[in-house]
Amino acid sequence: MLRRRPQLLWLLVPYVLHLGALPFVNRVRPVVLGLPFLFLWLLGATLLTPLAVWLARRGDRR
């Protein structure tokens, strides 16, 4: 399936950002912009999720 539709790999980005990288970014320090690093990471991942879905949708127009 992915051979015919490789653009669907964009849907792995939110998964990797939210769950795959979580053990590596689970830190309270450093504090960035007054926020713990983990909170800032999850906020950034949440904001990038619609972009990844849009890229997958844009490439999968049939």
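What pattern does the protein chain follow when read along the sequence? The pattern is α-α-β-β-α, and the chain holds three helices and two strands. Helices here are DSSP runs of H or I with at least four residues, strands are E runs of at least two, and both are numbered from the N terminus.

A quick word on what you're looking at. This is a predicted model, where local features need pLDDT of at least 70 and side-chain atom pairs count only at pLDDT 80 or more, while totals for chains, interfaces and linings use all residues. Residues are numbered from 1 along each chain as its sequence is written, and side-chain values use heavy atoms, with hydrogens and water left out.

Start with the overall dimensions. The C-alpha trace spans about 45 × 20 × 10 Å along its principal axes. Its radius of gyration is 14 Å, whereas a compact globule of 62 residues would have one near 11 Å; the radius is taken over C-alpha atoms, and the globule rule is 2.2 Å times the number of residues to the power 0.38. Buried residues (under 20% relative accessible area, with a 1.4 Å probe and protein chains only) make up 19% of the 62. The accessible surface, from the Shrake-Rupley method with a 1.4 Å probe, comes to about 5000 Å², and 70% of that belongs to carbon and sulfur atoms.

Now for the helix packing. Helix α1 (residues 12–20) and helix α3 (residues 37–59) have axes that come within 9 Å and cross at roughly 175°. Those axes are lines fitted to C-alpha atoms over the stretch in contact, with angles running from 0 to 180 degrees between N-to-C directions. The two helices are therefore roughly antiparallel, a label for angles over 145 degrees. On the α1 side, the contact (heavy atoms within 4.5 Å) is made by Val 13, Pro 14, Leu 17 and His 18, and α3 brings residues including Trp 41, Leu 42 and Ala 45. By class, that makes eight nonpolar, three polar and no charged residues; Ala, Val, Leu, Ile, Met, Phe, Trp, Tyr, Cys and Pro count as nonpolar, Asp, Glu, Lys and Arg as charged, and the others, Gly among them, as polar.

Leu 12 sits in helix α1, and its C-alpha atom is 9.7 Å from that of Thr 49, 37 residues away along the chain. Leu 33 lies in the loop between β1 (31–32) and β2 (35–36). Its phi is near 55°, a positive value in a residue other than glycine. Leu 33 counts as exposed (over 50%) because its relative accessibility is 79%.

Conventions:
Angles under 35 degrees count as roughly parallel, over 145 as roughly antiparallel, 65 to 115 as roughly perpendicular and the rest as oblique.
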